[in-house]
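Dear colleague,

Please find below the structure I am handing over to you.

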Amino acid sequence: MGCATGTIKYSLFLFNALWAILGILVLIFGGLSWGGMPDEYAIGILVLGGIILIISMFGCCGAVRESSRMLWTYVTLLLVLLGLIVAFIVLSPSDVFKKYALKTVEDHWQQEQTKPGAMDIIQTTYSCCGRNSAQDYLEIPYYNKTVPSSCCKDNNCVNPLNLYVSGCLVKVEEAFADEATTSRYLEWGLLGFDVVILLLAIILAIHYQNRRRRYNY
């Protein structure tokens, strides 16, 4: 085995090891994000992680066993994955998580009108109070001109300085301000990684296939 071929082989194996780790991280992210995004996106992320993990196994086995057939199967799977990533980039809105988080705030605020406490988790997480501000609670008779303890730092509203003055819509908007840019960087990074592995796999598959033909002759 030539030096160049060996370098490509072990580079492909290393990239696939990283690919497998990435697949596991994507699965973990999809699992932890369940409920924090639309169900179809969470399912899509879990499927993507599973596909990446399965594909990486084909790549590792093909490189180690020097099997052109397994590598061509691997190349085909990478092309399918490449198409899925491109489709996701083109079709999915870049601010999907922010829109979902804002919708969650709106939904919970509507529940707060009849089910006091519905906003507690959101207010504690984002250090906010009410839909637009703490004044929103003045319109809810249940609280009798007061605010829930989740509207204050450490759930202590005895000290007026502990009150969160910003509404939850504003705080969520701020929290997801850089989400669109970050998600696009991640998507294009994933696409670039796929292309690099794809090129290495094609080169190695062609080499093994040509070598097998020479042996047969």
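Confidence

Please bear in mind that this is a predicted model. The protein chain has an average pLDDT of 79, and 81% of the residues score at least 70. Confidence is highest in helix H5, at 92, and lowest in helix H7 (residues 179-216), where the mean is 70.

Disulfides

The structure contains three disulfides. Counting the bonded cysteines along the chain, their pattern is 1-6, 2-3, 4-5.

Another disulfide connects Cys129 with Cys151, with S to S 2.1 Å. Cys129 and Cys151 both lie in the loop between H5 and H6, and the pair links distant parts of the chain, 22 residues apart. With a torsion of about 85° about the S-S bond, the disulfide of Cys129 and Cys151 is right-handed. Cys129 is buried, at 0% relative accessibility, and Cys151 is buried, at 0% relative accessibility.

In the disulfide of Cys152 and Cys157, the sulfur atoms are 1.9 Å apart. This link is right-handed, with 105° about the S-S bond. Is each of its cysteines buried or exposed, or something in between? Cys152 has a relative accessibility of 3% and so counts as buried, the limit being under 20%. Cys157, at 33%, counts as partly exposed.

The surroundings of Gln123

Gln123 is located in helix H5 and counts as buried, with a relative accessibility of 0%. Leaving aside residues up to four places away in sequence, Gln123 touches Cys128, Cys129, Gly130, Tyr137, Pro148, Ser150, Cys151, Tyr164 and Cys168.

Helix H4 covers residues 96-112, 17 residues in all, and spans 24 Å from its first C-alpha to its last, close to the 24 Å expected at 1.5 Å a residue. The buried residues of H4 are Val96, Phe97, Lys98, Ala101, Leu102, Val105, Trp109 and Glu112. An α-helix has 3.6 residues a turn, so residues three or four places apart point the same way.

Two salt bridges are found in the structure. In one of them, the side chains of Lys103 and Asp107 meet at 2.9 Å, N to O. Both residues lie in helix H4, four residues apart, about one turn of the helix. Lys103 is partly exposed, with a relative accessible area of 48%, and Asp107 is partly exposed at 33%.

In the other salt bridge, the side chains of Glu106 and Arg131 meet at 2.8 Å, N to O. This pair links distant parts of the chain, 25 residues apart: Glu106 is in helix H4, and Arg131 is in the loop between helix H5 (120-126) and helix H6 (168-175). Glu106 counts as partly exposed, at 25% relative accessibility, and Arg131 is partly exposed with a relative accessible area of 25%.

Aromatic rings

How many aromatic pairs does the structure hold? It holds three. The ring centres of Tyr137 and Tyr143 are 5.0 Å apart and their planes stand at 85°, so this pair is edge-to-face. Tyr142 and Tyr143 also form an edge-to-face pair, with 5.1 Å centre to centre and 90° between the planes. Ring pairs link Trp109, Tyr137, Tyr142 and Tyr143 into a cluster.

Tyr137 and Tyr143 are both buried, Tyr143 with a relative accessible area of 9%. Tyr142, by contrast, counts as exposed because its relative accessibility is 60%, and exposed means over 50%.

With kind regards

Definitions and conventions
Residues numbered from 1 in each chain as written. Predicted model: local features only at pLDDT ≥ 70, side-chain atom pairs only at ≥ 80, totals over all residues. Heavy atoms only, no water. Helix = DSSP H or I, 4+ residues; strand = E, 2+ residues; numbered from the N terminus. Expected span 1.5 Å × (residues − 1). Buried < 20%, exposed > 50% of the residue type's maximum accessible area, 1.4 Å probe, protein only. Phe/Tyr/Trp six-rings, centres within 6.5 Å; stacked < 30°, edge-to-face > 60°. Salt bridge = Lys/Arg side-chain N within 4 Å of Asp/Glu carboxyl O. Contact = heavy atoms within 4.5 Å. pLDDT = per-residue confidence, 0-100. Disulfide = S-S within 2.5 Å.
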